[in-house]
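Subject: Structure handover

Hello,

Below is the structure for your records. My notes on the ligand shell and the domains follow.

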Amino acid sequence: MERLFQSSVDEVTRLLGLAKPEVSVLEDADAAADELVVSEYEKYVERKFNPEVLAVLKRHDLMGVPVEEKYGGRGARQLVESLTLERLGQTGMGVITFADVHLCLGSLAIQDWGSDEQKERYLPAAAKGEAVFAYGLTEPEAGSDPASLRTSYVKDGSGYRLTGSKYLISNGSIATNLIAFARPADGKGITAFIVDTKKKGFSVDMRLEEKIGLFTSDTSLLTLDDVQVSKEDLLGVEGKGLSVAYSALINGRIGIGSGCLGVMEDCLNQVKERTTTRVQHGKEIARHQLIQKHVAFIESSLESCRWLDYRAAIKKDEYDKDRTDPVLRADADRLSAVAKYMSSRSAFESADRAVQCFGGFGYSIMSPVAKHFLDSRVARIYEGTDEIMELKIASSVLGREFEAYR
Ligand SMILES: Cc1cc2nc3c(=O)[nH]c(=O)nc-3n(C[C@H](O)[C@H](O)[C@H](O)COP(=O)(O)OP(=O)(O)OC[C@H]3O[C@@H](n4cnc5c(N)ncnc54)[C@H](O)[C@@H]3O)c2cc1C
């Protein structure tokens, strides 16, 4: 906990008004992050998926952080979930990708949009880590423009059959359930479904292992070939699936921003340790002013992005209390985009500067900061690229009539 905020637990509790059970979630995140450091590093060096992440998050009761207590979760508000992901983010974006997709894009999509029956069926299993979610919006031909997705569905008796491809799907080959978005074969509108990945016709075509980083996270190409989905597994309202997708992305972007804070924290810790012990020109390199410039950059980025991320989380908590208020929704949407945009860019630049402070060793795959450099780059691409975030933020200021990305 000390390393999370570089101040005492008491101070954080006071500043953010955390209750005792909320502090205990953070203590669990702290223990889980400590446990994950070694396996994350080893798997990264081997360029392999890290199966330990699920086991450790399960062991520390972190698979249902935002899930309501009546469904077996910890009932954490977004701010506490963000702080949890911030601490886990110190171990890198691989862990964050797994957790963000399962918690923010999967569990919260069902909690926010599901029927009582869906919540009872999926959330307790998800909170125990028996169910793992993936989120399938992107397709080979539809990334920044999800409205152009091609996966289609037909009605079949009392349910549906889905056919199409989902590309670059995190947790894709380990998930028990995929939140999939599809359009009717003979009509308009996109609908969200909860797909059972054990159903006939569902296949993992390829685990995408030729990534430039994020090796410890599973990324897959999925095929749905006439996969049966019961009518009880339609999520939200038929034809309104993009509302489900976009609202899940509000949660997800705040979570990615939080993970990026953790990356900056670890970069700062690593840089401090390295530069205060490495001697060149007769003194520790931390005594050279140009090295201090990098330290100052990372620290200032971290502290400013923290405010953005916490502010977005607090706004999201306000919106969660009244999900019918369009102004609160628009504010949460805008602030989550700002937080993700700034934190992901700052995390990547902080990792770059950390590599610089490490010198030649920083350029080695074995250095811990090189892992952040490779892994954090993805945060500027997934859950909305830099460019899409810029256009979204600009139109939130200029007005919808200036929306440039539709
Ligand atoms: C490791 C990894 C994990 C991922 N996990 C998931 C997941 O779990 N689920 C999921 O659904 N998706 C996932 N994605 C997909 C990710 O969300 C998309 O890659 C992203 O949305 C961009 O889509 P694209 O790759 O098709 O790029 P494109 O949309 O083809 O964009 C290419 C470039 O064009 C720019 N561009 C596009 N449209 C505009 C515009 N109107 N104005 C200006 N610039 C524009 C983009 O910003 C980008 O720079 C993942 C991606 C990666 C790399």
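Ligand shell and domains

Domain 2 (134-235) and domain 3 (241-402) each contribute at least three residues to the shell around the ligand; domain bounds come from an automatic or database domain assignment. This is a predicted model, in which local features need pLDDT of at least 70 and side-chain atom pairs count only at pLDDT 80 or more, while totals for chains, interfaces and linings use all residues. Residue numbers start from 1 along each chain as its sequence is written.

There are 22 residues around the ligand, and those that come nearest are Thr 138, Gly 143, Ser 144, Thr 385 and Glu 387 (near: C-beta atom, placed from the backbone, within 6 Å). At least two shell residues come from each of β1 (133-136), β3 (159-170) and α12 (386-398). Helices (H or I, at least four residues) and strands (E, at least two) are DSSP runs, numbered from the N terminus. By class, the shell has twelve nonpolar, seven polar and three charged residues (nonpolar: Ala, Val, Leu, Ile, Met, Phe, Trp, Tyr, Cys and Pro; charged: Asp, Glu, Lys and Arg; polar: the others, Gly among them).

The assignment also gives a domain 1 (2-132).

Regards
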